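This briefing covers one protein chain, topic by topic. Please read it alongside the model.

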Amino acid sequence: MGKKAFTGQFVAAGVLLNVGIGPAWAADPAGSGSSAPNPLSAQVAQTAIDQPPPGPGEPPAAPTAMTTPAMAGPLTANPNPISFDAGPLGPVYVTGAVSALGLWQNNTFPGDQHSLASLSNGQFFFQKTEGLFQYFVQAGAYTLPSLGTPYINTPRATGDFYGPLPQAFIKFAPTDTFSVSAGKLPTLIGAEYTFSFENMNIQRGLLWNQENAVNRGAQMNYTAGPLAFAFSWNDGFYSNRYTWLWGSAAYTIDSANTVSVIAGGNYAHTTKATLATPLFQNNETIVNLIYTYNAAPWTITPYFQYTHVPQASSIGAFTSASTYGGAILANYSFGEGSPLPGVSLPIRFEYIASTGSAANGAPNLLYGPGSNAWSITVTPTYQYKIFFARAEFSHVGTTNTTAGLVFGPGGTNKTQTRAVLEAGILF
């Protein structure tokens, strides 16, 4: 879905269906095959850990944290996942995330609440990570909080976005360097993942609101030394119209530094518009340039994003419009020998601008044609084994907005501040 979705309760129904402020159901970078936070910021290869069976007389391999679903840190997956022999289904690993959140906000959208509590994740993951045929199944309930958008409760988010089976795919892996996946796949786009436990911050950001998160389709992955490539044919913003193509390339400079380029777009015009499929974003072209530095105690990911919606009267875009923006995601984690073991301090800065004007019929991609927005998010985090708790403060500011399309009951407030608490387990 578009990462910034407005609900139908709000002043302008077009803000949901025709405006690109839907939560871009966030980017899901690929697992790297390591139990450490993934240094790749784009999902260039949806590979989980491949552990060959032990030879005769050798002890079983030590348990290793699953790399699917991917996690950008500072939260880390359980390094001792449950596993069992499922016969013809192979050795199956079972992991999950269960968490709840509380949220306070000012300048609420119509129908939104100033304070609330909600289940943020109640999800289980089943996967086979070995052999020629592999699979991943994610099942459960979730919510997808995103900056600058209305909060959508768990039952509606689960039902109206990707259902209780948000991601599920099979993978054919004939070699260690080549694989093909098909099903409900995490996107290649962006530097943030879809679900709260996967990211540095509880809420996804403003740039994520222009991206998709889950798509149905097929993807090829190939690695050649330090280079990793992926190519996907899919339905974009969960539109069930298979008119999207995209690709990614990542270069691992060394153990700490990675650069990724991701680009894609809709090669046709599709008119479907739902909570999961924002009309304008589902017809866009998008480009990401992402750099990641990952060496303890720091993880730093700056990235640039550009999107373009072409002129197409069939979707109500009478002139073209674009967005361009940048973000810096950074985290400092205190080590075991420090005074604050288990504590991390993630922070995110963002700026995004849109082009066009209402007078010439440009599509609204933000808070009115030609509007701009910025944000700051700070998320102190604590994790002890499988348990975690974190607090978050965020502030969004806007300029050059259109009255009725911003914050507050009348859509005229230009800022929104939120405080969020989240706690749970990763088993």
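Glu422 counts as buried because its relative accessibility is 2%, where buried means under 20% relative accessible area, exposed over 50% and partly exposed in between (1.4 Å probe, protein chains only). The model is predicted: local features need pLDDT of at least 70, side-chain atom pairs count only at pLDDT 80 or more, and totals for chains, interfaces and linings use all residues. Residues are numbered from 1 along each chain as its sequence is written, and side-chain values use heavy atoms, with hydrogens and water left out.

**Salt bridges**

- Glu422 pairs with Arg390 through a salt bridge, with N to O at 2.9 Å; the term means a side-chain nitrogen of Lys or Arg within 4 Å of a carboxyl oxygen of Asp or Glu.
- This pair links distant parts of the chain, 32 residues apart: Arg390 is in strand E17 (residues 387-399) and Glu422 in strand E18 (residues 415-426).
- Helices (H or I, at least four residues) and strands (E, at least two) are DSSP runs, numbered from the N terminus.
- Arg390 is also buried, because its relative accessibility is 3%.
- The whole structure holds 5 salt bridges.
- Arg348 and Glu192 form one of them, at 2.7 Å from N to O.
- Their positions are 156 residues apart: Arg348 is in strand E14 (residues 343-354), Glu192 in the loop between strand E6 (178-186) and strand E7 (214-224).
- Arg348 is buried at a relative accessible area of 0%, and Glu192 is buried at 2%.
- Shared partners join Glu192, Arg348 and Glu350 into one salt-bridge network.
- Asp235 and Arg216 form another salt bridge, with their closest N and O atoms 2.9 Å apart.
- Asp235 sits in the loop between strand E8 (227-234) and E9, while Arg216 is in strand E7, 19 residues apart.
- Both Asp235 and Arg216 are buried.
- Side chains of opposite charge can pair when their charged atoms come close.

**Confidence**

- Mean pLDDT for the protein chain is 88, and 85% of its residues reach 70 or more; pLDDT is the predictor's confidence in each residue, from 0 to 100.
- Over residues 4-62, pLDDT stays under 50.
- For that stretch the model has 236 contacts beyond four places in sequence, a contact being heavy atoms within 4.5 Å.
- Where pLDDT is low, the predicted coordinates should not be read in detail.

**Overall make-up**

- The protein chain has 2 helices and 18 strands.
- Of its 427 residues, 57% count as buried.
- Among contacts between residues at least 6 apart in sequence, 63% join residues at least 24 apart.

**Nonpolar cores**

- The largest nonpolar core has 25 residues; such a core is a set of buried Ala, Val, Leu, Ile, Met, Phe, Trp, Tyr and Cys residues joined through side-chain atoms within 4.5 Å.
- Leu206, Tyr303, Ile352, Tyr367, Ala373 and Phe407 have the most contacts inside this core.
- Strands E9 (244-252), E11 (285-295) and E13 (321-333) each supply at least two residues of this core.
- Another core, apart from it, has 23 residues, among them Met71, Leu75, Tyr142 and Ile152.

- Ser394 is in strand E17 and is buried, with a relative accessible area of 2%.
- Beyond four places in sequence, Ser394 contacts Leu147, Gln203, Ile376, Thr377, Gln416, Thr417 and Arg418.
- Pro69 is in the loop between helix H1 (14-17) and strand E1 (82-85).
- Pro69 is buried because its relative accessibility is 10%.
- Leaving out residues up to four places away in sequence, Pro69 touches Phe125, Phe136, Phe197 and Glu198.
- The C-alpha atoms of Pro69 and Phe136 are 8.9 Å apart, although 67 residues separate them along the chain.

**Backbone geometry**

- Most residues other than glycine have a negative phi, and most peptide bonds are trans.
- Gly73 and Pro74 are joined by a cis peptide bond, with omega about 5°.
- Ala296 and Pro297 are also joined by a cis peptide bond, with omega about 10°.
- Tyr238 is not a glycine, yet its phi is positive, at about 55°.
- Asn240 has a positive phi near 65° and is partly exposed, with a relative accessible area of 39%.
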